[in-house]
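Please read these points with the sequence and the model open beside you.

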Amino acid sequence: MSTLHKIKGFADLFAPESDTFTVMEQRARDIFSRYGCQEIRLPLVEKTELFARSIGEETDVVQKEMYTFLDRKNRSLTLRPEATAGVVRAFIENKIYAHNPVAKLFTCGPMFRYERPQKGRMRQFHQINVEVLGTDAPQADAELMFMVWSYLRELGLNKLSMEVNSLGCRTCRPVFHQQLTRFLDGLDHAQLCEDCQKRSSTNPLRVLDCKVSRCKELVREAPRIHDSLCPACREHFTIVLDILDMAGLAYVHNPCLVRGLDYYQRTTFEVVSTDIGAQSSVAGGGRYDGLVRQLGGPDLPGLGFACGMERLALLLENMGSSRLDFFLAVLDEQALNKAMIIAQHLRDKGFAGEVSFEARSVKSLLRQANKLGVKTCLLLGPQELEKDQILVKDMETGAQKAVGQNDLEQALGWQGR
Ligand code: HAM
């Protein structure tokens, strides 16, 4: 019978990569809780309308990348392409704002986008996500950038750059929109890439951050949104940058940083790595005042970011530590059951270990212990069984000694975990 294969752009994760994912999530939980974030877990599937109304009908994500299907009652559902829309939906539906003036929510898990797979770009990928709802203080924007920066630094990453921009608000963006459209109308459209020819009329801002070099060249002289910001947006952005300056967080003001989702207003940012090739954005986010209202909630502001775990994993060394403290090697069939009892006792004390489920030669068992990468191999044969002992072998030095089965923990000098 033919074997079945996974879907293109989807991955099976084994150790040590899966250990790296666990460590990334754990550190995120620890670090983000220092800022008052609480973890939430949300559905992977939502009504399609939620994404169309939040991310924007004209975005690449909604137009081309969603996994959308009809359920058995002909309702259109979508595998979430990102987390923000679901978090905001849950925030409104559960009236979190009623008892929490500023909610800081953390969530992580798989997202789905039908993109062309390449290094650092998957169809099922994982994000670590933070959303802050209920404050329009520019200090919250800066705090969010501190959060993502500290997290990435504590993971040990340093070849990173923080790019920031302001996209203005509902007052000043339309003015810029007009200026940009006029500029784009003056270009020879045939020179733009196919996507940008369409974007010029549907979503002109996106032309600004197109990665195609011909388009980059053409928009070099385009008007800058910074010059059109209203006084309130200008002040907001200045305060954010002042705080970053005071904290010594080196950033680059990238006036073309637009981001691919339509809900952003004012501050946007992206953390870019110089080390992983084309898919260099490891985290991105910004402010989305207006989204809560747009999705039927009260008029509350919001902001957030997401880190791409696959891209972080490309930059990180294997972060998993050796999983096992011991390997209990059984040299004789008769010792098998006793070995299970000894191993269980050690596990109840907090140690991690495996038993060889069959009796084999010392040589083959030590080879197995080596493969497992354990520091200690415990050997149990007929002689040890008779004397209620066990042989303790240090796999690094090769030294071994017999100890009483009841003295095992002490003899090993282990401190219970
Ligand atoms: P995004 O820029 O679309 O933003 O995605 C955030 C991060 O997810 C990217 O910087 C990248 O590291 C990772 N990512 C995106 N697509 C893929 C993919 N196909 N394969 C691997 N990694 C990928 C958002 O999703 C917003 N919801 C972020 C946000 C939260 N804004 C406010 N709150």
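**Notes on the predicted model**

1. A polar side-chain atom of Tyr264 lies 2.6 Å from a nitrogen atom of the ligand. This is a polar contact, that is, a pair of N or O atoms within 3.5 Å; within protein, one must be able to donate a hydrogen and the other to accept it, and residues adjacent in sequence count only if both atoms are side-chain atoms. Of the ligand's 660 Å² of accessible area on its own, the protein covers 95% (areas by the Shrake-Rupley method with a 1.4 Å probe; for residues, only the protein chains shown count as cover).

2. The model is predicted: local features need pLDDT of at least 70 and side-chain atom pairs count only at pLDDT 80 or more, while totals for chains, interfaces and linings use all residues. Residues are numbered from 1 along each chain as its sequence is written, and side-chain values use heavy atoms, with hydrogens and water left out.

3. Two further side chains have polar atoms beside the ligand. For Glu82 the distance to a ligand nitrogen atom is 2.6 Å, and for Arg113 the distance to a ligand oxygen atom is 2.9 Å.

4. How many residues surround the ligand? There are 26, and the closest are Glu82, Glu115, Met122, Tyr264 and Ser281 (near means that a heavy atom of the residue lies within 4 Å). The shell is made up of 10 nonpolar, 9 polar and 7 charged residues. Here Ala, Val, Leu, Ile, Met, Phe, Trp, Tyr, Cys and Pro count as nonpolar, Asp, Glu, Lys and Arg as charged, and the others, Gly among them, as polar.

5. Which strand gives the most to this shell? It is β10, with 6 residues. At least two shell residues come from each of β6 (124–133), β10 and β11 (302–308). Strands (E, at least two residues) and helices (H or I, at least four) are DSSP runs, numbered from the N terminus.

6. Strand β10 belongs to an open sheet of 8 strands with mixed pairing, in the order β1-β5-β6-β11-β10-β9-β7-β8; strands pair if DSSP finds at least two bridges between them. The edges are β1 (38–39) and β8 (251–253), each with a single partner strand, so one side of each has no neighbour in the sheet. Helix α10 (residues 231–247) packs on this sheet and touches β7 (160–166), β8, β9 and β10, contact being heavy atoms within 4.5 Å.

7. Strands β9 (residues 267–273) and β10 (residues 281–287) are antiparallel and share 5 bridges. Thr268 has Gly286 in β10 as its bridge partner.

8. β12 (residues 326–330) runs parallel to β13, with 3 bridges between them. Phe327 stands opposite Glu354 in β13.

9. Two backbone details deserve a look. The peptide bond from Ala15 to Pro16 is cis, with omega near 5 degrees, and Pro16 sits in the segment before α1 (17–33). Asn74 is not a glycine, yet its phi is positive, at about 65 degrees. Asn74 is in the loop between β3 (67–70) and β4 (76–79).

Methods. Axes fitted to C-alpha atoms, helices over the stretch in contact; angles between N-to-C directions.
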